[in-house]
Amino acid sequence: VAENVLMQETDESNIPVAEKALTQSGVMQKISTLPEGVNTLLTKEFDDEGASLSGGETQKLAIARLFAKKFDVAVLDEPSSALDPVAESKMYDALAEGTRDKTVLYISHRLSSAANADRILVFREGKLIETGNHQQLMEMGGEYCKMFTLQASGYREGESQDEAE
């Protein structure tokens with residue numbers, strides 16, 4: 001696990017970095033239950049005591065790499081696709097806190113993840129069609145507003161998608 005996060009061999013000097021990153025990403029509680037903790041092999045293919053993580057746990061493990069490494073720009077493609085809404089919200093809060101003064105590009109079809117972005121770029125058929133923050137794009141009433149409203153309608157009790165359009 002620690003080698004996966006740090007993307008290098010580990011020893012006593014860098015294990016704390018991996019543990020801190022795993023805590024920040026929200027997966028350390030799960031990792032601490034594994035037979036060898038951060039030293040557990042991430043497959044059962046070579047070791048029966050190895051770990052098989054869920055899709056959401058694997059995404060959190062990948063996010064831990066951001067917290068473990070220094071970077072200026074990161075690109076995340078659907079970083080919360082395997083997470084439930086509560087875990088997704090916690091992940092984006094942790095990312096916002098842990099990546100201050102960094103450039104992080106999120107590629108996502110789940111527009112709830114875009115609402116707190118400094119800048120949103122909306123593409124259709126490979127062309128940029130709208131740009132702004134959430135409030136600006138909602139006020140424009142364009143494609144982003146339509147898509148956001150449609151997705152949000154799925155969370156409103158008793159409202160059908162037809163009513164949201």
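Biologist: Which side chain meets Glu143 in a salt bridge?

Modeller: Arg124 does, at 3.2 Å from N to O. Glu143 sits in helix H7 and Arg124 in strand S3, so the pair ties together parts 19 residues apart in sequence. Bear in mind that this is a predicted model.

Biologist: Is Glu143 buried, exposed or partly exposed?

Modeller: Partly exposed, at 24% relative accessibility. Arg124 is also partly exposed, at 44%.

Biologist: How many salt bridges turn up in the whole structure?

Modeller: Three. One of them joins Arg110 and Glu88, with the closest N and O atoms 3.2 Å apart. Arg110 is in the loop between strands S2 and S3, while Glu88 is in helix H5, 22 residues away. Glu88 is buried, with a relative accessible area of 5%.

Biologist: And what does Arg100 pair with?

Modeller: Glu97, at 2.8 Å from N to O. Arg100 is exposed at 54%, and Glu97 is exposed at 51%.

Biologist: Back to H7. Which of its residues are buried?

Modeller: Tyr144, Cys145, Phe148, Ala152 and Ser153. They cover an arc of only 160° around the axis, which puts them on the same side of H7.

Biologist: New topic. Where does negative charge gather on the surface?

Modeller: In a patch made of Glu3, Glu9, Asp11 and Glu12. Glu12 is in the loop between helices H1 and H2, and Glu12 is exposed at 77%.

Biologist: Overall, how many helices and strands does the chain have?

Modeller: Eight helices and four strands. Buried residues make up 36% of the 165 in the chain.

Note on methods. Residues are numbered from 1 along each chain as its sequence is written. This is a predicted model: local features need pLDDT of at least 70, side-chain atom pairs count only at pLDDT 80 or more; totals for chains, interfaces and linings use all residues. Side-chain values use heavy atoms; hydrogens and water are left out. Buried means under 20% relative accessible area, exposed over 50%, partly exposed in between (1.4 Å probe, protein chains only). Helices (H or I, at least four residues) and strands (E, at least two) are DSSP runs, numbered from the N terminus. The arc is that of the directions from the helix axis to the C-beta atoms. Patches are made of residues with over 30% relative accessible area and no salt bridge: like charges are joined within 9 Å, nonpolar side chains (Val, Leu, Ile, Met, Phe, Trp, Tyr) within 5 Å. Accessible areas come from the Shrake-Rupley method with a 1.4 Å probe; for residues, only the protein chains shown count as cover. A salt bridge is a side-chain nitrogen of Lys or Arg within 4 Å of a carboxyl oxygen of Asp or Glu. Lys and Arg count as positive and Asp and Glu as negative; His and the chain ends are not counted. The place of a charge is taken as NZ of Lys, CZ of Arg, CG of Asp or CD of Glu.
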